[in-house]
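I opened this entry to note what I looked up in the structure, item by item. The sequence and coordinates come before my notes.

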Amino acid sequence: NYPLSDRVNAIQPSPTLAVSQKAAELKAAGHDVIGLGVGEPDFDTPEFIKTAAKAAIDAGHTKYTAVDGIPQLKQAVINKFKRDNGLTYEPSEILISAGGKHSIFNLLSAWLNPGDEVLIPAPYWVSYPDMSLLVGAVPKVIHAGIEQRYKITAEQLAAAITPNTRLLFINSPSNPTGTAYSKAELESLAAVLREHPQVLIATDDMYEHILWSDEPFYNIAMVAPDLRDRIVILSGVSKAYAMTGWRIGYAAGPKPLIAAMKKMQSQSTSNPTSISQWAALAALEGDQSIIQTMVAEFKQRHDYLVDALNQIPGMKCIAGDGTFYTFANIDALMAAKGASSDVELCEMILNEAKVALVPGTAFGAPGHCRFSFACSLATLQEAVRRIKAFAEA
Ligand code: PLP
């Protein structure tokens, strides 16, 4: 009963970090725990990116920069949108922040008033609801099950929009499911959104490059150029370039919105780390084939894991389109083990099989668990062996 703010009391700590902590505690106590809870690539940041950071230090790029990022990095982001997405932006429509999460926080702070509704398709990335609550907004979850590949339909979207809806999140490819919206699916969502001009669309493209579907990557800005003034693209270098610790994310959107987000940033963090900005510049402008090397590895692990999990009694999962996660339905395994929830089953798996997973409840999808395959194939094989033994016991 320490007298903290209502704001902070309204939210929960990140549940994915909580799992990592529990696994770390067991490890520290001498247990051989396999952590499949993490949300970061196991690869090291590519050498040329590290070299650019060292050069930035030596060149004295160690002072404040412009709040919204160095012009060179903003230009690299503009070039990236042109190159990868065929989208044209001006520097005043780009904001560099301290990670993708920070971009989202700036957006919610600058756009939402207390009581505004935020549409969040579930399974969702853990932070969307809590970050919405933090600014006094009301998260409204739209559920999408395995039978619809965890993606919402245009009908569901239309039914969920009210006059108070101010924002819709789209995350494709998705953390935690790995599935991506097709061009046609995005077009059908856009058709609904056209009728509701009060709704801003946030497309979280963090996993854009970690994709192996037949169709190339699309976001809603690419399929509905007429909605440009109502779309903000959120992305960053964390996942594609194995740069989670560097903390660089970016947003592209309408000028007045980006200016407001910049104002938020100017009164909170100021510029993101100068050195990291130079590193991110090297990442975006450098040899992009490094991404494909990592993606090939992720795809191989994905194929193994999805197949192996489907052979475990009580588990069911579908092939994803990308990311380094797969989301398994565990309803039958819960029933077989007498677990009352996915949280309880994940605890049993951690304690008995010594494998750390994140329960689906954390993503708004009870009856599931998320496997991260940001680890070696050998580690995955051992994790599967342990969980299979647990399930068959
Ligand atoms: N968006 C999604 C969907 C994510 O999975 C993550 C990280 O887990 C982020 C945004 C935030 O990325 P960053 O580490 O750059 O803050």
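The model is a predicted one.

**Confidence**

I checked the scores before anything else. The mean pLDDT of the protein is 96, and 99% of its residues reach 70 or more. For the complex, the predictor gives an ipTM of 0.99 and a pTM of 0.97.

**Cis peptide bonds**

I went through the omega angles. Most peptide bonds are trans. I noted a cis bond between Ala122 and Pro123, with omega at about 5°. Pro123 sits in the loop that runs between strand 3 (117–122) and helix 6 (127–134). I noted another cis bond from Ser172 to Pro173, where omega is near -10°. I placed Pro173 in the loop between strand 5 (165–171) and helix 8 (183–193).

**Positive phi**

Next I read the phi angles. Most residues other than glycine have a negative phi. Tyr150 has a positive phi, near 60°, and is not a glycine. I found Tyr150 in the loop between strand 4 (138–143) and helix 7 (154–160). Is Tyr150 buried or exposed? I counted 24 other C-beta atoms within 10 Å of Tyr150, and the cut-off for buried is 20 or more, so Tyr150 is buried.

Ala242 also has a positive phi, of about 55°, although Ala242 is not a glycine. Its loop lies between strand 7 (231–236) and strand 8 (249–252). Ala242 has 22 C-beta neighbours inside 10 Å and therefore counts as buried.

**Helix 6**

I looked at what helix 6 buries. Tyr128, Pro129, Met131 and Ser132 are its buried residues. The elements that cover them include helix 5 (100–111), strand 3, strand 4 and strand 5. Gly136 follows helix 6 and has a positive phi, near 85°.

**Helix 8**

I repeated the check on helix 8, where Glu185, Leu186, Leu189, Ala190 and Leu193 are buried. These cover an arc of only 140° around the axis, so they are on the same side of helix 8. An α-helix has 3.6 residues a turn, so residues three or four places apart point the same way. The buried residues of helix 8 pack against helix 7, strand 6 (200–204) and helix 9 (220–223).

**Helix 12**

Helix 12 covers residues 289–309, which is 21 residues. Which residues of helix 12 are buried? I listed Met294, Phe298, Arg301, His302, Leu305 and Leu309. Seen down the axis of helix 12, these fall within an arc of 115°, so they line one face of the helix. On the other side of helix 12, I found Ser289, Gln292, Thr293, Ala296, Gln300, Asp303 and Asp307 exposed. The buried residues of helix 12 pack against strand 9 (316–317), strand 10 (325–329), strand 13 (368–372) and helix 15 (377–392).

**Arg385**

I followed helix 15 to Arg385, which lies in it. Arg385 has 13 other C-beta atoms within 10 Å and is partly exposed.

**Ala252**

I picked Ala252 in strand 8. Ala252 is buried, with 26 other C-beta atoms within 10 Å. What does Ala252 touch, not counting residues up to four places away in sequence? I listed Phe81, Tyr89, Glu93, Ile94, Val232 and Ile233. I also noted Pro91, which is 161 residues apart from Ala252 along the chain, with 9.2 Å separating their C-alpha atoms.

**Ligand shell**

Last, I looked at the ligand. I counted 13 residues around the ligand, and the closest are Gly99, Gly100, Lys101, Asn175 and Ser238. How does the shell divide by class? I sorted it into two nonpolar, nine polar and two charged residues.

Definitions and conventions: Residues are numbered from 1 along each chain as its sequence is written. This is a predicted model: local features need pLDDT of at least 70, side-chain atom pairs count only at pLDDT 80 or more; totals for chains, interfaces and linings use all residues. A residue is near a molecule or strand if its C-beta atom, placed from the backbone, lies within 6 Å of it. Ala, Val, Leu, Ile, Met, Phe, Trp, Tyr, Cys and Pro count as nonpolar, Asp, Glu, Lys and Arg as charged, and the others, Gly among them, as polar. Helices (H or I, at least four residues) and strands (E, at least two) are DSSP runs, numbered from the N terminus. The expected span of a helix is 1.5 Å times one less than its number of residues. A residue is buried if 20 or more other C-beta atoms lie within 10 Å of its own, exposed if 12 or fewer, and partly exposed in between; C-beta atoms are placed from the backbone. The arc is that of the directions from the helix axis to the C-beta atoms. Two residues are in contact if their C-beta atoms, placed from the backbone, lie within 7 Å. pLDDT is the predictor's confidence in each residue, from 0 to 100.
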